[in-house]
Amino acid sequence: MSDNNICKFILQKSNENDLCILHYVFETREQKFEKWITPANYRIHYALTGTAVLHTQSGGINLKKGDVFFTLISVPYGLESSRDFTYYYIGYTGTKAIQIMNKLRIGENNCVFHEFENEKNMWIDPSGFSSDALSMYSEGLLLCFFAKIADRQNILPATHFNDLIKEIKTYIDNNLGNPLLSLESIASHFSYSKKYISRIFSQEFNITFSTYLRNIRVQNACSLMEKGFESIQDIAYLSGFTDALYFSKSFKAVMNVSPKQHLQEIKSQHKAVVQ
């Protein structure tokens with residue numbers, strides 16, 4: 001990607017209680033995660049093209065075009081991008097900005113917001129603007145995205161949140177036999193942080209993700225036994241367990257009996273029905 005960056009610096013306001021716009025930048029350079037960056041101001045970023053990974057202290061978050069992500073004062077981050085990744089960002093500060101972000105719960109563990117691709121035309125080439133005009137435009141743009149994020153939060157419980165839970169459950173069901181299925185792989189697949197996926201599982205099921213995955217795998221093992229599978233090793237493998245001892249321990253924690261005992265109970269029930 002050629003270096004065609006456009007950066008406009010804006011004269012700062014003197015009142016620290018205001019929402020103070022510092023600069024408006026169109027970034028085209030390929031980003032490599034070689035060391036942590038510690039920002040001196042807040043930034044809202046809009047991914048225009050390509051893909052990237054936002055590295056935080058909590059892990060990596062996949063980014064694609066249409067995503068909005070925030071970086072925070074004194075909170076280290078890193079960005080690793082594809083060659084075609086381009087993005088805009090607005091640097092800002094001020095007490096008003098902090099108050100809004102706190103209200104929206106924008107922070108280190110909630111800094112990426114997906115699927116704003118329809119808003120790409122709002123981000124424009126800043127080169128033709130005067131400093132004052134760009135300051136007003138940037139402030140309006142930032143407030144507009146704050147409002148859009150606030151609106152999404154109001155509808156998440158009824159729509160997006162429920163849809164996401166259904167998609168994750170389907171993904172788990174379809175990949176249950178994959179021993180590599182994990183919180184990390186699911187977070188990467190759905191482009192959310194591990195902490196966010198973990199939190200929504202706790203909210204929805206009142207258990208941790210690891211407990212949910214263990215329970216659903218044991219349920220699958222029971223289903224295989226009902227279907228006539230008798231090899232404990234095969235049942236464990238088809239349910240995503242690579243270690244038979246760990247499978248037995250997990251099974252007993254959920255069912256209160258060992259896999260072998262449960263299999264014998266099923267056989268006895270089947271014999272009784274036949275007789």
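Strands are DSSP runs of E of at least two residues, numbered from the N terminus. In this predicted model, strand E3 (42-49), strand E7 (78-81) and strand E8 (86-93) each contribute at least two residues to the lining of the second largest pocket. The space in this pocket amounts to about 230 Å³. Its lining comprises 14 residues, and those nearest the centre are Gln31, Ile37, Tyr77, Leu79 and Tyr87. By residue class, the lining of the second largest pocket consists of six charged, five nonpolar and three polar residues.

One cavity of 30 Å³ or more was counted. The largest cavity holds about 70 Å³ of space. Its lining is formed by Leu54, Thr56, Phe70, Thr71, Leu72, Val75, Pro76, Tyr77, Glu108 and Cys111. Seven residues of the cavity lining are nonpolar, two are polar and one is charged. Tyr77 lines the largest cavity and is also listed among the residues nearest the centre of the second largest pocket.

Phe229 lies in the loop that runs between helix H6 (209-226) and helix H7 (232-238). The relative accessible area of Phe229 is 35%, so this residue is classed as partly exposed.

Terms used: Residues numbered from 1 in each chain as written. Predicted model: local features only at pLDDT ≥ 70, side-chain atom pairs only at ≥ 80, totals over all residues. Heavy atoms only, no water. Helix = DSSP H or I, 4+ residues; strand = E, 2+ residues; numbered from the N terminus. Buried < 20%, exposed > 50% of the residue type's maximum accessible area, 1.4 Å probe, protein only. 1 Å grid on protein atoms, 1.4 Å probe; cavity = no way out; pocket = protein on both sides within 12 Å on 5 of 7 lines; lining within 4 Å. Points joined across faces, edges and corners; volume = space filled by probe spheres on them. Nonpolar A, V, L, I, M, F, W, Y, C, P; charged D, E, K, R; others polar.
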